Protein chains: 2
Amino acid sequence: MSLAKNNWDLEPPPIQSEARPTVVSLKSPYLLFFGDVQDYGHAKTGLGLIQWRSELCVGQLRLPECRVDAGLPDLDVAGALSAGAQSMVIGVAPGGGAIPQSWVESLVLAARAGLDIVSGMHARLSDFPEIVEAARKSGARLIDVRTPPKNLPIGSGKKRSGKRLLTVGTDCAVGKKYAALAIEKEMRARGLNVDFRATGQTGIMIAGSGVPIDSVVSDFVSGAAEMLSPSAPDEHWDVIEGQGSLSHPSFAGVSLGLLHGSQPDALVLCHDPSRTILLGTEDAGGFELLSLSESIEQCLGLARRVNSNARFVGVSLNTSGVEETKRAALYERFARETGLPVADPIRDGVGSIVDFALSE
Amino acid sequence: MSLAKNNWDLEPPPIQSEARPTVVSLKSPYLLFFGDVQDYGHAKTGLGLIQWRSELCVGQLRLPECRVDAGLPDLDVAGALSAGAQSMVIGVAPGGGAIPQSWVESLVLAARAGLDIVSGMHARLSDFPEIVEAARKSGARLIDVRTPPKNLPIGSGKKRSGKRLLTVGTDCAVGKKYAALAIEKEMRARGLNVDFRATGQTGIMIAGSGVPIDSVVSDFVSGAAEMLSPSAPDEHWDVIEGQGSLSHPSFAGVSLGLLHGSQPDALVLCHDPSRTILLGTEDAGGFELLSLSESIEQCLGLARRVNSNARFVGVSLNTSGVEETKRAALYERFARETGLPVADPIRDGVGSIVDFALSE
């Protein structure tokens, strides 16, 4: 068994996805494990992987209590092996990030059968002796994608070549990863030289590489972000997955370190208009969201410390909670407030945002 | 031997220093180890400890190559034991935080003799088998004060009772710890109910407790800061040691997480007027410092997210590089720019700043 805790390469990956060394080196195709998850929100890791890399997903493994159906064939470990699976990816992210005892038998069976186990949980696979033992016997790898690289550098603030776009949010969980992936896809479809740069566990599973930025020791966050989007040809775009929100009292420091290290030329503000208070702040009395224009002003003030040309190029809305009849007025209002193209990536695509990003 | 890597108490310490459980539980008095350090700047950990807790320091141990003299009696391990020493504290912080091989013999001798070894280095004492073995045999403890507590909470943003003062800086290494310690001392001398809250290794050695904030995983920085200054009686002051600078591209995220978690009522801006570019940014072309008023505006904009009453109460200058004849004009200029009391804690004390902090 090779415990893959430190299998991140510290060398900046080359900029072409095709040529990039698979620093996490997930072996596809995947069997997605949904355990006993009760709702689709907590299954977002697996659902995201299917959405953006469906060609790599051969089936799902669900415990009897599972109440989520990702629409893949239900396979047991033997069936997944027959279908060619090389890894079992934990597609669930329960609160707290623990690995419940009810999953261990399935993880042991998969590891024993030689499937790599890929986890984005806070808990470490290597903390479960029975999983470690099963993997040791079969040669399977245990890959914790939340474990950051060792020996990360401190941020330098040095200007790097190439163009960078970072998605930021008025709150957590407002579609920053989705927007970044949609923008990468749109740019790639237009023939641009582009890479998606992942900063969270689902993004890393989708991209096959990245840095789990919220797991990095605070002193090294901006350095990790610098490493994530290295110098590149002038016309190359890195589209970087944002984390947290500069106005969220729990996570603003993570967001600022990522912003400074990313040195973005272009920023996209992600927003959920149905959100009235910041996620997770109910117990604190509820923090009101900043307005879009306040968010933009705050972010630019900080971003221009590292890139005097930083500007916003669009607003990405999650309008799933908005009535159809109110949609047009909402877009109109936000466009007027910000002077930017406004789009819901799921309904509208991100063509207008990419148009604006490419304009001078 | 009890490896003291996880000997931090997660319970918020009670607010009275006298009654506070010594979560790091350093045993005094101390023998200070200066190794082969070549200059006073890199010996600041030990020098700071002597400055603020001289009554706890019985001697210094220096290798022949050492070029620093902290003014304590030179003692070997046997001499230190005779003088009552209970711990040997590494008083040096070389760049990179490694423990050089040239120190290991001294550390082994001290551990073998039963002295606890206290280190603020990035490198872990427990990574040296010969030190571990010596400590195991004698029962000495190996205490790495840079190792943060486990199971830190995520920041909640919940308002806490009591008053908090945080020192912030226009740059790194501009006297934030010194200012905080001086303010604590001044407040204590006035009979106020006050605690110094340490966020860096030297501060933790001085206070005997604290959280090494730049070693905390980024997701938990504001939570760690919240834990560091728990709810307290309305009249109690926590004086919190700042870290980094909101305008430093390497460390701003750390500073913002600490700011949000600290919920300061009062802020003191620390500044070194001889500094023209941010420390460590030469290779990046040199980042200019923000002006004092810009720094104040930026910090208040972010601080008021968690405490709408946050305000600055003073400017703490390091004027060691300022000519005597230019001092008055400099104070005058900064006082006019900020409307705040301006003082060099070393030359002037911090009485004027504490006066202003206590005014409504």
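In this predicted model, B:Pro341 sits in the loop that links α10 to β11 (342–343) of chain B; helices (H or I, at least four residues) and strands (E, at least two) are DSSP runs, numbered from the N terminus. Residues are numbered from 1 along each chain as its sequence is written, while chains are lettered from A and ligands numbered from 1 in the order in which they are written. For this predicted model, local features need pLDDT of at least 70 and side-chain atom pairs count only at pLDDT 80 or more, whereas totals for chains, interfaces and linings use all residues.

B:Pro341 is a handy place to start. With 22 other C-beta atoms within 10 Å, B:Pro341 is buried; a residue is buried if 20 or more other C-beta atoms lie within 10 Å of its own, exposed if 12 or fewer, and partly exposed in between, with C-beta atoms placed from the backbone. Apart from neighbours within four places in sequence, B:Pro341 is in contact with B:Gly314, B:Ser352, B:Ile353 and B:Phe356, where two residues are in contact if their C-beta atoms, placed from the backbone, lie within 7 Å. B:Arg190 is 151 residues away from B:Pro341 along the chain, and the C-alpha atoms of the two are separated by 18 Å.

B:Ile353, one of the contacts of B:Pro341, also takes part in a helix pairing, in which B:Ile183, B:Glu186 and B:Met187 of α5(B) meet B:Gly351, B:Ile353 and B:Val354 of α12(B). Two packed helices are described by the angle between their axes and the distance between the axes. For α5 (residues 176–189) and α12 (residues 351–358) of chain B, the axes come within 10 Å and cross at roughly 70 degrees; axes are lines fitted to C-alpha atoms, for helices over the stretch in contact, and angles run from 0 to 180 degrees between N-to-C directions. The two helices α5(B) and α12(B) are therefore roughly perpendicular to each other, in a scheme where angles under 35 degrees count as roughly parallel, over 145 as roughly antiparallel, 65 to 115 as roughly perpendicular and the rest as oblique. Their crossing is right-handed; a crossing is called left-handed if the near helix is turned anticlockwise from the far one by less than a right angle, and right-handed if clockwise. By class, the contact of α5(B) with α12(B) has 4 nonpolar, 1 polar and 1 charged residues. Here Ala, Val, Leu, Ile, Met, Phe, Trp, Tyr, Cys and Pro count as nonpolar, Asp, Glu, Lys and Arg as charged, and the others, Gly among them, as polar.

A second pairing in chain B joins α9 (residues 292–303) and α10 (residues 324–338), which pack at an angle of about 35 degrees with their axes 9 Å apart. The crossing of α9(B) and α10(B) is right-handed. On the α9(B) side the contact is made by B:Leu292, B:Ser293 and B:Ile296, and on the α10(B) side by B:Phe334, B:Glu337 and B:Thr338. These residues divide into 3 nonpolar, 2 polar and 1 charged.

Some backbone details also deserve a look. In chain A, the peptide bond from A:Ser28 to A:Pro29 is cis, with omega near 0 degrees, and A:Pro29 lies in the segment before β1 (30–35). In chain B, the bond from B:Ser28 to B:Pro29 is likewise cis, with omega near 0 degrees; B:Pro29 is found in the segment before β1 (30–35) of that chain. A:Gln263, a residue other than glycine, has a positive phi near 50 degrees. A:Gln263 belongs to the loop between α8 and β9 (266–271) of chain A and is buried, with 27 other C-beta atoms within 10 Å. B:Ala173, not a glycine either, has a positive phi of about 55 degrees. B:Ala173 is found in the loop between β6 (163–169) and α5 of chain B, and with 17 C-beta neighbours inside 10 Å it counts as partly exposed.

Turning to the overall architecture, chain A has 12 helices and 11 strands. Its radius of gyration is 20 Å, close to the 21 Å that the globule rule gives for 360 residues, so chain A is as compact as a globular protein of that length; the radius is taken over C-alpha atoms, and the rule is 2.2 Å times the number of residues to the power 0.38. The C-alpha trace of chain A spans about 60 × 45 × 45 Å along its principal axes. Buried residues make up 53% of the 360 residues in chain A.

Finally, 32 residues of chain A are in contact with 32 residues of chain B. On the side of chain A that touches chain B, α7 (221–228), α8 (252–262) and α9 (292–303) of chain A each supply at least two residues. The largest share, 6 residues, comes from α8(A). By class, this side of chain A has 13 nonpolar, 14 polar and 5 charged residues.
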